Amino acid sequence: MKSRAAVAFKAGEPLQIVEIDVEDPKAGEVLVKILYTSVCHTDAYTLSGDDPEGVFPAVLGHEGAGVVVAVGEGVTSVAPGDHVIPLYTPECGKCKFCLSGKTNLCSAIRETQGKGLMPDGTTRFSYNGEPIYHYMGTSTFSEYTVVSEISLVKVEDEKAPLDKVCLFGCGVTTGIGAVHNTAKVEEGAVTAVFGLGAIGLAVIQGLAQAKASRIIAIDMNDGKAELAKKMGATDFINPSKLDRPIQEVIVEMTDGGVDYSFECIGNVEVMRSALECCHKGWGESIIIGVAAGGKEISTRPFQLVTGRVWKGSAFGGVKGRTELPGMIEDFMNGKIDLDSFITHHLDFMDINEAFDLLHKGESIRTILTY
Ligand code: NAD
Ligand code: AHE
Ligand code: ZN
């Protein structure tokens, strides 16, 4: 079938809206009509050419929601008409990782997914007869996309608005999950959040749910302070206005450092600050931001010897098929605020504008409608 898609033909160039060909889903695969998608900084990262797994031409996009159109042989968990959210972290429930009880990083299709291919090693997308690669197993920047069955969670409540719950495809789940699943923040904790895009703001929302006593929000852009405070931040710091390292300032204002910090930018210098602002003996720093290929983190090992802990979090440690239904329910019951993340709405055709808004720091999330 034909599908409108925003194709990343080359790194560093704007996406081009073209009509691509989409093949039928094979065994274990599902054809989904994407109704809404948004742009996460990771899409911009891959488009920039800094992602070692970035392959071109590709259909990017991993934060979306839509409706099942057709299923391949053997698919039983979803059926045509079902509302679904694609999951870049699938959940097969059978692999060593899924069975470990220790991680959400399902390994069933990770190898081919990282190469922009479906599990059988081929692609369902083409343009002028040439293959187009998939992305993160989701490719939500095509009106019709093919994904693995295990990369879909069904939205059981048909009243759940897909133009909002699409945010559970990445940003909101990642931030809230990192607080509860990765850091396991307890009531009264003193915390710091570096970077106030959708990920950092979702972390703040998770910290507010966990009843953290202090939530120090940090961003170079003063324009982010208001929303951070609305979500629950107690303090805001713009590090570009300081004449000394931010970690020194935070350690001083928290009587020795924070219990938990979260890096939501992808900047290895900030990752160091986030670790070093943690309290001696127990402070934990969670890396969420994705740093460019070739970048490395560093600190004095003494920081770890003296009890600080460095951890990372992918998709907030959330097992999508098991845990997203509960998060969608929380949203429907008013326990998660999605509306505040949605700063812009645009037509899908204007997707490059959504990237510009993100780069300029003017948007949190832009919902693109097909
Ligand atoms: P975003 O661009 O909306 O937000 C980043 C924020 O960081 C902006 O507000 C920006 O002003 C701020 N910032 C940039 N440099 C800074 C600095 N030196 N000091 C303080 N603030 C600074 O991005 P986003 O969509 O929220 O994504 C954030 C990061 O999280 C990206 O690296 C993205 O790739 C990553 N991410 C990771 C996961 C995961 O599962 N680990 C999931 C989603 C996104
Ligand atoms: N391909 C990148 C890795 C990017 C990365 O770390 N991705 C995060 C999700 S970002 C979503 O916005 C993730 O979940 N990683 C786990 C995984 O298995 O990919 C690179 O730099 O190589
Ligand atoms: Zn993302």
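Over residues 198–329 the chain is 39% helix and 15% strand, with the end C-alpha atoms 20 Å apart. Here helices (H or I, at least four residues) and strands (E, at least two) are DSSP runs, numbered from the N terminus. UniProt lists this span as "domain: Alcohol dehydrogenase-like C-terminal" in an unreviewed entry; its positions are given in the numbering used here, feature names are shortened, and annotations may be inferred rather than shown by experiment. The model is predicted: local features need pLDDT of at least 70 and side-chain atom pairs count only at pLDDT 80 or more, while totals for chains, interfaces and linings use all residues. Residues are numbered from 1 along each chain as its sequence is written, and chains are lettered from A and ligands numbered from 1 in the order in which they are written.

Ten of the twelve residues are buried, so α6 is largely enclosed by the rest of the structure. A residue counts as buried if 20 or more other C-beta atoms lie within 10 Å of its own, as exposed if 12 or fewer do, and as partly exposed in between, with C-beta atoms placed from the backbone. Among the buried residues of α6 are A198, L201, V203 and Q205. The partners against which the buried residues pack include α5 (171–183), β11 (190–194) and β12 (214–218). Just after the helix, K211 takes a positive phi of about 65°.

Next come the two domains. The protein chain is divided into domain 1 (2–169 + 338–369) and domain 2 (175–313), with bounds from an automatic or database domain assignment. Their C-alpha centres lie 29 Å apart. Eleven residues of domain 1 are in contact with twelve residues of domain 2, contact meaning that the C-beta atoms, placed from the backbone, lie within 7 Å. On the domain 1 side, the largest share, three residues, comes from α1.

Ligand 1 is surrounded by 33 residues, and the closest are H41, G195, G197, G266 and V290; a residue is near a molecule or strand if its C-beta atom, placed from the backbone, lies within 6 Å of it. Both domain 1 and domain 2 give residues to this shell, so ligand 1 lies between them. Helices α1 (41–48), α5 and α6 each supply at least two residues. By class, the shell has 18 nonpolar, 13 polar and two charged residues. Ala, Val, Leu, Ile, Met, Phe, Trp, Tyr, Cys and Pro count as nonpolar, Asp, Glu, Lys and Arg as charged, and the others, Gly among them, as polar. Around ligand 2 there are 13 residues, of which T42, P52, E53, V290 and A314 come nearest. The ligand 2 shell has seven nonpolar, three polar and three charged residues.

Finally, UniProt lists residues 27–157 as "domain: Alcohol dehydrogenase-like N-terminal" in an unreviewed entry. This span is 14% helix and 30% strand, and its end C-alpha atoms lie 27 Å apart. A27 sits in the loop between β2 (16–22) and β3 (29–38) and is exposed, with 12 other C-beta atoms within 10 Å. Leaving aside neighbours within four places in sequence, A27 is in contact with G72, E73 and G74.

How values were computed: Two residues are in contact if their C-beta atoms, placed from the backbone, lie within 7 Å.
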